[in-house]
Amino acid sequence: MPRDHRPARSIRVLLAEDQGMMRGALALLLGMEPDIEVVAQVSAGDVIVEAAQTHRPDVALLDIELPGKSGLDAAAELRDQVPDCRVLILTTFGRPGYLRRAMEAGAAGFLVKDGPVEELAACIRRVLTGETVIDPALAAAALSAGPNPLTPRECEVLKASADGATVSDIASSLHLSESTVRNYLSAAIGKTGTRNRMEALREARQQGWL
């Protein structure tokens, strides 16, 4: 819609999505809404806060799996550094653990990407009124799944075990003893009901705990 048909004060939106085609299409569709203006588009998580400080969006739409820093980590930083910006997590992966982490990071909503853009636009407007907007199916799944059984340290050690890292590598990168790393890995394997650390890592990711 031409700019002169917009209201005097459009809702300013920042869009963080690493897939260029998806980001461009979403920005175009949202920009067709008469009261929404996409003021910034970024493709990596570690530039979200800087872009928000520069463009002062009312709402940030963040994907979770971004290069540099996850959308969940960026949401927590926005809460602390750009508190006037409301955050909507928009993701392909509706994992229960992601929802819990998003709410802990201060997000105002959590939606999956398969919904119509009109619904997304409506949710953008709703979070600005103070509402919290959560995909109903995902909310039910999160309640049934229960909380993350892993401690922050166990999560950290599991993440560090990716890509074939040895116990020695993990101990060095996290400044822990090798025996401590083994204890954390053993605890994580037990809590996830898996047979080894790679299965534990895969299960934790599938649940959205990492």
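What is the volume of the largest pocket? The largest pocket has a volume of about 370 Å³.

## Basis of the model

This is a predicted model, in which local features need pLDDT of at least 70 and side-chain atom pairs count only at pLDDT 80 or more, while totals for chains, interfaces and linings use all residues. Residues are numbered from 1 along each chain as its sequence is written, and side-chain values use heavy atoms, with hydrogens and water left out.

## The chain overall

The protein chain has ten helices and six strands. These elements are DSSP runs numbered from the N terminus: helices are H or I with at least four residues, strands are E with at least two. The C-alpha trace spans about 65 × 35 × 30 Å along its principal axes.

Of the 210 residues in the chain, 47% are buried, meaning under 20% relative accessible area with a 1.4 Å probe and protein chains only. Among contacts (heavy atoms within 4.5 Å) with a separation of 6 or more, 66% are between residues 24 or more positions apart.

## The sheet and its helices

Six strands form an open sheet in the order S2-S1-S3-S4-S5-S6, with parallel pairing. Two strands count as paired if DSSP finds at least two bridges between them. Strand S2 (36–42) and strand S6 (133–134) are the edge strands, and each pairs on one side only. Strand S1 (residues 11–16) and strand S3 (residues 59–62) run parallel and are joined by four bridges. Within this pair, Ala-16 stands opposite Leu-62 in S3.

Helix H2 (residues 48–55) packs on the sheet and touches S1, S2 and S3. The direction of H2 makes about 160° with that of S1; axes are lines fitted to C-alpha atoms, for helices over the stretch in contact, and angles run from 0 to 180 degrees between N-to-C directions. Helix H5 (residues 117–128) also packs on the sheet, touching S1, S2, S3, strand S4 (86–91), strand S5 (109–112) and S6. The direction of H5 makes about 150° with that of S4.

## Two pockets

A pocket is an open set of points on a 1 Å grid over the protein atoms alone, with protein on both sides within 12 Å along at least five of seven lines; lining residues have an atom within 4 Å of a point. The largest pocket is lined by 17 residues, and Arg-101, Glu-104, Asn-148, Cys-155 and Trp-209 lie nearest its centre. Helix H3 (71–81), helix H4 (96–104) and helix H7 (152–160) each give two or more residues to this lining. H4 provides the largest share, four residues. By class, the lining has eight nonpolar, four polar and five charged residues.

The second largest pocket has a volume of about 290 Å³. Its lining consists of 14 residues, of which Ser-70, Tyr-98, Arg-101, Lys-159 and Leu-210 lie nearest the centre. H4 and helix H10 (197–207) are the elements that give two or more residues to it.

## One cavity

A cavity is a set of grid points where a 1.4 Å probe fits but cannot get out. One cavity of 30 Å³ or more is found in the whole structure. The largest cavity has a volume of about 40 Å³, a volume being the space filled by probe spheres set on the points, which are joined across faces, edges and corners.

Leu-15, Ala-16, Glu-17, Leu-26, Leu-61, Leu-62, Asp-63, Leu-90 and Lys-113 line the largest cavity. S1 and S3 are the elements that give two or more residues to this lining. The lining has six nonpolar, no polar and three charged residues; Ala, Val, Leu, Ile, Met, Phe, Trp, Tyr, Cys and Pro count as nonpolar, Asp, Glu, Lys and Arg as charged, and the others, Gly among them, as polar.

Definitions and conventions
Buried < 20%, exposed > 50% of the residue type's maximum accessible area, 1.4 Å probe, protein only.
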